[in-house]
Amino acid sequence: MTRRHYNKMAAAIVLILAFGLPLVVRSATYLHILVLLYFYAYLTTSWNLVGGFAGVLPLGHAAFVGIGAYTSTILYLQYGISPWIGMLVGGVLASFVGVLIGLPTFKMRGAYFALATLAFAEGIRVMVENIDRLGPFVLNGPRGLQIPPLKLGLGNLVFASKEPYYYIILLMLLAVLALTWVIARSKLGYYLNAGGEEPDAAMALGVNVARSKLTAMAMSSFLTALAGAFYAQFTLYIHPKSVISLDLSFEIAFIALIGGRGSIAGPVLGALLLRPVSDFSRIYFGDTLPGLHLVIFGVVLILVMIFQPRGLQEPLTRAYNRLLDRLAPGQTKELGT
Amino acid sequence: MKARTRTNLWFQLALVLTLGTLMAWGPAVPVQAQDVVVKVGNIIPLSGPSASVGLQGKQAREMAVEEINAAGGIQSLGGAKLVMLYADSESKPEKGVAEAERLINTEKVHVLTGCWNSAVTYPVTAVAERYGIPFIVPVSVADKITEQGFKNVFRIAAKDSWWTRDQFAFLKDLQEEFGTKVSKLAFVYENGDWGKGFAEQWKKLAAEQGYEVVLDEPYPSTATDLSPVVQKIRRARPDVLMLVSNAADAILLTNTLAEYKVNLKAVITSGGGHADPSFLKAAGENARYLFDIVEWETDINKPGAQEANAKYKAKYGQNLTGEAVDAYLAMYVLADALERAGSLDPAKIREALAATNYRSGPGMIVGYDAVEFDETGQNEHASLVMVQINDLGQGLERITVWPKGARRAGYTPVFPMPAR
């Protein structure tokens with residue numbers, strides 16, 4: 001068997017496991033945790049288009065989650081429009097906002113860019129918290145919006161059980177991973193990489209760095225907003241502190257940094273590692289030590305940055321390659337990122 | 001051949017053992033039935049800003065459940081006991097939702113109750129509805145809680161809009177009882193969400209019932225001088241002044257009204273600042289004869305109320321409150337529904353709750369006379385209580401005057417107010 005075969009087999013095993021898991025995991029609580037795990041893996045993968053490939057550190061992606069969640073929920077509650085359509089509308093709106101933020105901020109470097117996006121997301125949160133009505137749209141300020149689970153079904157994206165949500169977010173995650181894989185091998189991917197590492201050199205070679213970054217930002221915010229709409233339908237209740245919070249923005253960045261930004265597997269690995277830490281620390285220490293998970297994240301982040309600055313995906317990829325070398329020796333083709 | 005015989009032998013042995021075990025366990029089945037418990041999940045604020053009311057709700061529930069279990073539990077379920085599971089909402093909506101998910105999915109509760117804070121109760125209604133778990137809401141006043149078309153929410157206490165409704169019902173009854181006509185009303189209220197919400201309802205009710213509104217005056221709660229407002233009240237010459245005030249402004253308004261010797265037939269207030277213990281101390285004699293609306297008062301003239309209050313006070317060191325009484329009643333309403341349902345199936349319990357008609361029993365120590373839910377899940381009979389502040393020789397106190405069935409024995413309200 002060649003390496004290709006082994007790669008295909010590994011992918012097939014992972015897929016079968018992912019799709020078959022709800023047949024084994026019957027507890028709604030664990031399925032809930034898994035849905036959130038995929039949700040964060042999805043968010044981080046979307047974030048990765050900008051934060052990973054374009055080499056900047058956006059800390060305000062919660063704003064796009066919020067735009068997606070609020071848009072689809074308002075359209076559903078006030079106009080009866082299916083959340084699937086609302087999701088896309090939210091996505092378009094978010095990518096528009098994303099480009100608006102990107103235009104001035106992509107000129108900044110390092111911490112300045114991070115701070116600007118962070119301030120922007122916080123600004124949106126404070127605004128939503130203080131606005132009850134925006135023209136004809138009811139935002140309800142800090143009280144948030146509730147989706148009544150009266151009409152169940154795929155069209156309304158409301159289900160009584162967790163399984164449908166599990167499969168929907170799993171498919172969304174696979175789609176966004178495939179998209180990332182394609183982009184990483186496209187011209188855009190190389191432009192982004194070049195612009196992220198050495199912007200001056202890239203520009204000297206004729207790469208339009210600013211434009212490729214803006215394209216990445218538009219895609220990233222569009223995809224992030226889709227997950228926001230999904231989250232609203234999953235929890236049925238959104239308020240500014242749940243969908244536009246700093247915690248959410250930080251958690252995405254944590255997962256990416258620990259998993260390995262700029263790689264395809266990184267966000268998924270990060271979510272696999274950090275989400276259970278977050279959920280179980282909340283279940284067991286939620287009463288006595290609220291916020292413990294963020295402290296643990298911090299410690300893990302420091303350790304990873306010291307010993308594996310490229311994230312956990314690197315040693316794992318290396319181990320996987322070594323395994324393949326054993327199984328199919330003599331073919332030392334590098335496994336893609 | 002030999003192998004097959006052996007298999008048969010093993011099979012027969014297993015059969016005998018199984019049957020024997022079954023027979024041995026046969027008579028033990030009723031014992032198992034006694035182990036049936038009703039799991040009640042309670043989401044209340046046990047820490048955070050509303051922790052004190054949350055604790056009252058927990059204590060009242062515990063007292064009721066102890067009584068119910070001591071009296072033999074749920075007879076139709078073989079004497080099943082109620083088991084209480086508490087979850088702390090910290091007054092945070094997302095925590096309440098997470099706890100509701102946990103109680104339903106992990107603890108497998110049969111019924112939910114809670115959550116005091118309307119902001120928490122509201123999202124939890126959607127969780128309960130999604131899983132079809134009946135959700136009893138003792139007190140959470142926001143109207144919208146029962147206005148979502150949900151089948152699994154049941155609210156015992158009155159909702160927001162009923163406070164104003166009852167103030168006007170009281171005003172009408174008062175005029176009939178004393179034969180004194182009231183035609184001109186003045187509305188003075190703090191200019192926040194709460195005051196404006198009340199005033200909106202007042203204006204609607206006044207128009208419907210043919211009162212003339214001579215003054216409609218919002219004011220900032222933080223004002224340090226309210227004499228311009230009081231001057232306006234004096235010039236408008238209303239029969240009845242209706243107020244919504246927070247703590248400091250309630251005191252300031254009451255004292256300024258007395259200072260300017262404004263004569264009114266009655267002052268009707270809306271709880272809040274007027275129900276705060278500091279109000280009576282600071283306003284003193286100036287607060288005399290004022291009517292205030294509350295959920296419950298300790299002197300309420302209902303069978304069992306005094307005893308329940310005495311027992312609660314001995315157990316927990318303080319008087320029952322409106323919140324506690326509704327929580328106490330909620331447990332008896334639940335026990336009543338379980339008795340009729342005769343099943344632990346949440347759908348059956350829901351049906352029984354919907355058919356509730358609870359009129360007498362240990363839980364009925366509230367101001368109203370029955371618990372019966374309309375199709376939205378709101379208790380149709382819930383109402384509030386009006387008290388009058390008066391001095392009967394033991395210092396100023398709050399005396400229940402309305403509804404008439406709950407009025408303190410031997411007390412006649414003072415109306416109209418004597419001239420200052």
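Student: Why are A:E129 and A:R125 in helix α5 of chain A separated by about one helical turn?

Tutor: This is a predicted model, in which local features need pLDDT of at least 70 and side-chain atom pairs count only at pLDDT 80 or more, while totals for chains, interfaces and linings use all residues. Residues are numbered from 1 along each chain as its sequence is written, chains are lettered from A and ligands numbered from 1 in the order in which they are written, and side-chain values use heavy atoms, leaving out hydrogens and water. A:E129 and A:R125 are separated by about one helical turn because they lie four residues apart in helix α5 (residues 110-130) of chain A, a helix being a DSSP run (H or I, at least four residues) numbered from the N terminus. These two residues, A:E129 and A:R125, form a salt bridge whose closest N and O atoms are 3.1 Å apart; the term asks for a side-chain nitrogen of Lys or Arg within 4 Å of a carboxyl oxygen of Asp or Glu. Over all chains, the structure holds 31 salt bridges. Between chain B and chain A the count is one, and there A:K162 pairs with B:E101, with the closest N and O atoms 2.8 Å apart. Where these chains meet, 19 residues of chain B are in contact (heavy atoms within 4.5 Å) with 19 residues of chain A. Together chain B and chain A bury about 1500 Å², with 50% of it on carbon and sulfur atoms, buried area being the accessible area (1.4 Å probe) lost on putting two parts together, summed over both.

How values were computed: Helices (H or I, at least four residues) and strands (E, at least two) are DSSP runs, numbered from the N terminus.
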